[in-house]
Amino acid sequence: MQSEVLEARSDEAFESLADLRSAHSALMRDARKESRQAIAGRVASFIRRAQATGTRIESQNDRDSAQGVIDYWAAWQFSADNIESLSAAPPTLAEFVPSEAPQGKPAENPFVGLRAFAEADASLFIGREEATRDILERLQRDPIMFISGPLGCGKTSLVFAGVIPRLRSRGVLETKKEPVFPVVIPGVDPLAALLKAIVQVATAKPSDAEAWIAAQRPKLQRNPAALKEIVATVVHAAAVILVVDQFEEVFTQCEDPAVRDQFAAAVAGLVTDATAPNRAILIIREDYAQRSYALTPLKRFADQADTRFSPPLPTVAELVRTLSATAAAGNLRFDDGIIEDLAHDVAGDPASLPTLQFTLSRLWAALPQDSNRITRDIYRRVGKPRVALTRAAEAAFESLTEEQRDVAPRVFLELVQPGVTGEVRRRRLPCDSLVQRTGASASQVATVLQRFEQAELIRRTKGFEPDDDRFEVAHETLVTNWTRLEGWLKVERQRSETKLQLITTARLWQESGRGNGYLLTGKALKDALPYREAAPELRELIAASERYGRRQRIFAALFVVIAAIVAVTYYLTVVNRNEVISNRDVLRQDYDERDRRIQELQDKVSITEASQQRLTEAEQIIVQQQRQLDQLRSRLGETSRPAPAPRPTSVANDISQSGQRGWVWIGSDQEPNLRDASTSDPVLPAAITPDRRYVMTKNVVLRSDKPGDGYAQSQGLGLVLSGTPVTSAGSAVAYDRPSGTKQYWLPVQVDPSDKPIVYYQYAAGARADAEQLANAVQGKGYRIAEIQQFDIAKGTNEVRYFYPPDKAAATRLAAAVTEMLGARGLKLPPTKVVDPIAPPLSRNYPGVLELWLDASPR
């Protein structure tokens, strides 16, 4: 088919130099597979089209590049003994014709902005040819390559747009089949991420990928070297080229040293030596390179200096050549001096390369539709690198309303986590999670994300479920170049330091026997209130401080009332001296009685914290005394203080959505989320019939109604876990998503379940231990929805519930966990049952519990 297209357009010029290069690459791949005779006609057609393209190429450098391609294929014809080429003059590029050159704005942006170059951008990745050749030559000799360098130096782009496309052509490793390229970002569970990457490139995919990963992970933990055999069962390829991007996450995200070593050993086991075809490329941030080299399974490879490579900084001349070639490939022109100015501005600073690409992308966006020339005026408006980034960020921020500007810092501080020592860590989060974490409305968060996504400063990653897209800051360089964000992070670091200081104070208070000396008062208590939920011990300290403050205020009020009584008594004595004298004994007795009762009250209230029962009695007496004093104040013409409003109660709901009706997302025609309850076969949305039982195959949210305009989601009623039986209550409803996919929603009745859903947050230790405890919890009749490791769980041992009907299930779970911990020999206090004072920020569906546990001995 491609041959017929080339013959039909045999004299038609390519649209651009980029199109010419793309066709050249495709023809080279075919030439390695087919005989010379089979493609001789296509080569001749390509040469004629390449010659004709000269009318559209103005730059002499670009013309030399295009002529070099023509000379290559002319030499190929000569070596193929083509009689016609032997007798003809060498083909040359046609003369440039100004009217033939494209004049309008190019349809495609040739610059990638803050993101890294991907394999699909290989034709635009110009200027790193020497570095690419160097890595490819080393990979022929060594099974592992460590690519390290500072943020922004182009490590990821070099591998994905430079090295991988050439490895895929099979010309480097000379494999009979095309290699596969599993790409891993380690995250918090590197072993699971590794197995997921293998499944994604599998040539013999398992029927249930999640079950396969769950089955292989324990094998990999026991024997990491078994990865090679595990891969062979699902990948039938000549070679596996494993790419680990952001390798430093084995230190920054994974907190279990045992899992870290198992991951490194698995990588080493896949690439035993250079005689086997398998290879591994590890992309590492510079400040974690030495720690990576020191990992025992990788040390023997890292000790070979030839296995380490750092991308060299491009010179000004190289940057000028690269920018000129990229502009020509994208049919862009620059006024004289702009390219040189850009090159000088970023030369010598590796972190500036992303800002350079961002600036070029903004220059392309600023072009009018009828022009392909970047003028000095456009350049001044967009600004130089760094300035362009700041201007774009400020413009996006200024486009928000006042309410949205208040939300923006909260969104960014969830996407970028600051460390106390100054480092930052990006996170990918879905919109729903950002709504819960920030406490803002869904529309406000969505608008903030949309404005910064349009400015190319926030990147969206498509999720499996339509409303599960994830968002992240496009590059760390935004933090160092946008002053406003840097200020937000500085404040947040200070907040983190304050939180740590408060938690330390709370622990000292506990260790001191909960004495009054560590209690918070005045401004210190007010400043601590926003951190109430940071740790259980801090919550307890603040509650004790508030009780102490209330008692002090009651004492002060009592003394004020007594003073008022004395003043009134004195006044009455002066005005009605005779009457007062006649009743002096009565008043003295009344005063003595009040003084005795107040002294008794003070004695009761000043008892120690250890006598809680007596403190309760004292507080009751205080209330009674306050009522009597209020009556006296009323007689004096004053009004009593209103009683405090009762705390609102939570909305009751069934614990496990028993018999609830609602709507669930059931996937697409290509990937349905339902299977038949009888046959276990996947069920397409069009085949669903009312009143029939099905089983969910993914975790989804049960919602009160189907999506509204703009695919807006209705209220969430609860979680429906994978494996839950449901009964259809109607037919599936289709929605056309902006991405072009058709998604379906179905009204259902969720089958009754007496198994509450549990989210398990643990503080430290091996994940395998946490999973073992989670399995034991499931054996007690609960369903584990998620297991996560959080530092904030340190020092906790509690079960949280959020709706009154869930208290009984929470109490049973707490008793079960206490029993399990005791059986393991852990000397921990009994697991507490906690009803959070404030509305929960997450997991706040009825029937959902949270288990917060630090199982380390204390």
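Glycine 825 follows helix H31 and has a positive phi, near 80°. The model described here is predicted. The protein has 858 residues, of which 46% are buried, and it contains 31 helices and 25 strands.

- Helix H31 covers residues 807-823, a run of 17 residues.
- At 1.5 Å a residue, helix H31 should span 24 Å, and this agrees with its end C-alpha atoms, which are 24 Å apart.
- The buried residues of H31 are Ala809, Ala810, Leu813, Ala814, Ala816, Val817, Met820 and Leu821.
- In an α-helix there are 3.6 residues a turn, so residues three or four places apart point the same way.

- Three strands, in the order E10-E12-E11, make up an open sheet with antiparallel pairing.
- Strand E10 (429-430) and strand E11 (458-461) are the edge strands, each pairing on one side only.
- Four bridges join E11 to strand E12 (residues 470-473) in the antiparallel sense.
- Isoleucine 458 has valine 473, in E12, as its bridge partner.
- Helix H22 (residues 442-454) packs on this sheet and touches E11 and E12; the direction of H22 makes about 105° with that of E11.
- Helix H20 (residues 402-415) lies across E10, E11 and E12, and runs at about 90° to E12.

**Aspartate 189**

- Aspartate 189 sits in the loop that connects strand E2 (183-184) with helix H8 (190-200).
- Is aspartate 189 buried or exposed? With a relative accessibility of 14%, aspartate 189 counts as buried, because the cut-off is under 20%.
- Apart from its neighbours within four places in sequence, aspartate 189 contacts Arg217 and Arg767.

**Aromatic rings**

- The structure contains 15 aromatic pairs.
- Phenylalanine 247 and phenylalanine 263 have ring centres 6.1 Å apart and planes at 35°, so this pair is tilted.
- This pair ties together parts that are 16 residues apart in sequence, because phenylalanine 247 lies in the loop between strand E3 (241-244) and helix H11 (249-252), while phenylalanine 263 belongs to helix H12 (residues 257-270).
- Phenylalanine 247 is buried at a relative accessible area of 1%, and phenylalanine 263 counts as buried at 0% relative accessibility.
- Tyrosine 760 and tyrosine 762 form a tilted aromatic pair, at 5.9 Å centre to centre with 50° between the planes.
- Tyrosine 760 and tyrosine 762 are buried.
- One aromatic cluster is formed by Phe14, Phe46, Tyr72, Trp73 and Trp76.

**The protein as a whole**

- Among the contacts with a separation of 6 or more, 73% are between residues 24 or more positions apart.
- The protein exposes about 42500 Å², and 51% of this area is supplied by carbon and sulfur atoms.

Technical notes:
Residues numbered from 1 in each chain as written. Predicted model: local features only at pLDDT ≥ 70, side-chain atom pairs only at ≥ 80, totals over all residues. Heavy atoms only, no water. Helix = DSSP H or I, 4+ residues; strand = E, 2+ residues; numbered from the N terminus. Buried < 20%, exposed > 50% of the residue type's maximum accessible area, 1.4 Å probe, protein only. Contact = heavy atoms within 4.5 Å. Areas by Shrake-Rupley, 256 points an atom, 1.4 Å probe, with all protein chains shown as cover. Pairing = 2+ DSSP bridges. Axes fitted to C-alpha atoms, helices over the stretch in contact; angles between N-to-C directions. Expected span 1.5 Å × (residues − 1). Phe/Tyr/Trp six-rings, centres within 6.5 Å; stacked < 30°, edge-to-face > 60°.
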